[in-house]
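Open the structure in your viewer and keep the selection tool at hand. We will go stop by stop, with something to pick at each one.

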Amino acid sequence: MAKSFGISFLILFSFAIVETAILSNITILPAVPDLVLLASVYISLVNGRGMGEISGFTSGLVLDFLGGAPFGFNCIFRTVITYIAGFFGGTINYNGFLIPFVIGFIATLAKAVLIWIISLFYTSVLNYTIFSLPFLFELIANALLAPLVFKLTGCFKRQIALHSEDGR
């Protein structure tokens, strides 16, 4: 489990660096695609709820340290999303294009709803609008990039999986 967690953490950290250091500095993007969310959802689908909540929480911590969000903000909704995604790990075939596209779309919608709910409690800190151009861009970008992120993260499936597919 330590090896699986370590490699998963390196993958999530790599996506976080790309997201915060490169994509956030491209000024023509209305919003930054959430590659870390997609990678942690993939890890959750591979390993189930337990590893899902661990990957969601640690990816949230990394983004809280690298970004300017209040401490714990990213942890809350990422833990919930990846925990729920872990329920579907054994039942969904997440290979191909269409299913990852739908998963990325749903995960981004869930992120928006959870952030909106959190913003109701912290109105002075957050002002999040679901019906805006940046959210629409993020929704479409995450859905389109989900198959690519799933494929890239899938290259390490043997290393991040807690249990091998043949049951050993």
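Start with Tyr42 and Tyr94, and show their side chains. Both residues are buried. Keep in mind that you are looking at a predicted model.

**Stop 1: the aromatic rings**

How is a pair of aromatic rings described? By the distance of the centres and the angle of the planes. The count here is 8 aromatic pairs. In the Tyr42 and Tyr94 pair, the ring centres are 5.5 Å apart and the planes stand at 85°, so this pair is edge-to-face; the cut-off for that class is over 60 degrees. Now colour by element. Tyr42 belongs to helix H2 (residues 35-47), while Tyr94 sits in the loop between helix H4 (73-86) and helix H5 (98-121), so the pair ties together parts 52 residues apart in sequence.

Next, select Phe65 and Phe71. Their ring centres lie 5.7 Å apart with the planes at 50°, so the pair is tilted. Are these two buried or exposed? Phe65 is exposed, at 62% relative accessible area. Phe71 is exposed as well, with 64%.

Finish this stop with Phe5, Phe9 and Phe13. Ring pairs link these three into a cluster.

**Stop 2: helix H3**

Select residues 49-66, which make up helix H3. This helix has 18 residues. From first C-alpha to last it reaches 25 Å, close to the 26 Å expected at 1.5 Å a residue.

Which residues of H3 are buried? Pick out Met51, Gly52, Ser55, Gly56, Thr58, Ser59, Gly60, Val62, Leu63 and Asp64. Now bring back the surroundings. The cover over these buried residues includes helix H1 (2-22), H2 and H4.

**Stop 3: the salt bridges**

Hide the rest and select Asp34, Arg78, Lys111 and Glu138. A network of salt bridges links these four residues. The structure holds 3 salt bridges. Take them one at a time.

First, Asp34 with Arg78. Their closest N and O atoms are 2.9 Å apart. The pair links distant parts of the chain: Asp34 is in the loop between H1 and H2, Arg78 is in helix H4, and 44 residues separate them. Asp34 is buried, with a relative accessible area of 0%. Arg78 is buried too, at 2%.

Next, Lys111 with Asp34. Their side chains meet in a salt bridge of 2.9 Å, N to O. Lys111 lies in helix H5 and Asp34 in the loop between H1 and H2, so this bridge ties together parts 77 residues apart in sequence.

Then, Lys111 with Glu138. This salt bridge is 2.6 Å, N to O. Lys111 is in helix H5 and Glu138 in helix H6, so the bridge ties parts that are 27 residues apart in sequence. Both Lys111 and Glu138 are buried.

**Stop 4**

What does Lys111 touch, leaving out residues up to four places away in sequence? The contacts are Asp34, Leu37, Phe77, Ile81 and Glu138. Draw a distance from Lys111 to Leu37, C-alpha to C-alpha. The two are 74 residues apart in sequence and 8.9 Å apart in space.

Move to Asn142, in helix H6. Asn142 is buried, with 0% relative accessibility.

**Stop 5: the nonpolar patch**

Select Phe97, Leu98, Ile99, Val102, Phe105, Ile106, Leu109, Leu133, Leu136, Ile140 and Leu144. Together these residues make a nonpolar surface patch of about 1,000 Å². Which elements give two or more residues to the patch? They are H5 and helix H6 (133-154). H5 gives the most, with 6 residues.

End on Leu144, which is placed in helix H6. Leu144 is partly exposed, with a relative accessible area of 49%.

Methods: Residues numbered from 1 in each chain as written. Predicted model: local features only at pLDDT ≥ 70, side-chain atom pairs only at ≥ 80, totals over all residues. Heavy atoms only, no water. Phe/Tyr/Trp six-rings, centres within 6.5 Å; stacked < 30°, edge-to-face > 60°. Helix = DSSP H or I, 4+ residues; strand = E, 2+ residues; numbered from the N terminus. Buried < 20%, exposed > 50% of the residue type's maximum accessible area, 1.4 Å probe, protein only. Patch = residues over 30% accessible without salt bridge, like charges linked within 9 Å, V, L, I, M, F, W, Y side chains within 5 Å. Areas by Shrake-Rupley, 256 points an atom, 1.4 Å probe, with all protein chains shown as cover. Expected span 1.5 Å × (residues − 1). Contact = heavy atoms within 4.5 Å.
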